[in-house]
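Welcome! Please take a look at the sequence and the 3D structure below, and then we can walk through a sheet and a pocket together.

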Amino acid sequence: MLIYTFPYYRCSYLPQRYPTLFRSTPAGIHNLLTNETFDITTRPLPEDPMATAARLIQDDLAIMFEKPDGQYYLLAGAILLAGFWRLSDKFGMPLSEIHTSGDVPGFKTKLEKGMMNFFRRVQPGQPVLRNNYFIQVDDNLAWSHSIGSEDPSSDGADDGTSKQVQGWSSAEKNKAIEHHYFRSERQSLRRLPRSGGVVFTIRTYFEPITKVAEEVGVPGRLASAVRSWGDDVA
C-alpha cells in the first residue's frame with residue numbers, strides 16, 4: 001500500500017493548489033516549471049514512489065508506520081537536508097530510538113510518552129504543524145560539518161562505520177558569532193487514509209544569526225529563549 005499511496009495524493013493535490021506550476025495528466029502529473037512528467041499509473045511504477053514525491057515538492061519527507069508493538073517505525077523517506085543525521089542510520093528504527101540515538105535533550109524524561117500519544121491521535125484530513133529550531137555553527141545546510149564528516153568511513157574504520165559519536169556534543173565550540181546560524185524546521189504531520197502511515201513533511205529555513213538579529217525585537221526574544229535552556233540543551 002505504501003508503494004502507491006503518497007504520490008497519488010501529491011498528484012491530485014498539487015494541480016489544484018498550484019495550477020500555474022502543475023497540470024494533471026491521464027497518467028499522473030506534469031511539472032510546468034521543469035517540464036517533467038510523472039507516471040503513477042503504470043505497473044510496475046517507472047520510478048521509486050518516494051523519489052517521485054521528493055521531486056514534486058521542496059520538503060523532506062518521512063513516513064512512519066505503527067507495528068503490533070505499538071511503536072511507530074521509520075519505513076520510508078526522502079531526506080536531503082537532515083543536517084545532523086543520516087537516513088541510512090535511522091531507517092527501520094522506532095520513533096523512540098530515533099530520538100534517543102540522536103541524543104534529543106529531555107526525550108525520555110519529558111517527551112516520549114506525549115509524543116507517542118500525539119502520533120496515535122493524528123487523523124486523515126487534519127494535519128498538524130509544528131516548528132523547532134537549532135543553533136548551528138557552520139553554514140552547510142545539508143550536513144553540519146562542524147559535528148564531523150558525513151561519510152561514516154572517513155575516520156578510517158575498517159568496517160565502514162564511524163568510530164566517533166557525531167551529534168550536538170561533537171560540534172565545534174567557541175566559534176565567532178559570524179559562524180552561527182539559525183536553523184528552523186517547519187514540520188507537518190498527517191495520516192494517510194489508505195495505509196495509516198503518518199507523513200512528516202520537513203521544510204528547513206536557514207539564516208545567519210547576524211541577519212536574524214536585524215529583525216526588531218528578535219535579539220531579545222532569542223536571548224531569552226537561550227537563557228531558558230536546561231543544562232542538557234546548553
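## A facing pair

Phe 22 in this predicted model stands opposite Asn 31 in strand 2. Strand 2 covers residues 28-31, and four bridges join strand 1 to strand 2 in an antiparallel run. Strands pair if DSSP finds at least two bridges between them; strands (E, at least two residues) and helices (H or I, at least four) are DSSP runs, numbered from the N terminus.

Residues are numbered from 1 along each chain as its sequence is written. Local features need pLDDT of at least 70, side-chain atom pairs count only at pLDDT 80 or more, totals for chains, interfaces and linings use all residues, and side-chain values use heavy atoms, without hydrogens and water.

The open sheet has three strands in the order 1-2-3, with antiparallel pairing. Strand 1 (22-25) and strand 3 (36-39) are at the edges with a single partner strand each, so one side of each has no neighbour in the sheet.

## The second largest pocket

This pocket has a volume of about 530 Å³, the space filled by probe spheres set on grid points joined across faces, edges and corners. A pocket is an open set of points on a 1 Å grid over the protein atoms alone, where a 1.4 Å probe fits, with protein on both sides within 12 Å along at least five of seven lines; lining residues have an atom within 4 Å of a point.

Of the 22 lining residues, the closest to the centre are Leu 14, Tyr 18, Ile 57, Asp 59 and Arg 203. Helix 1 gives the largest share of the lining, four residues.
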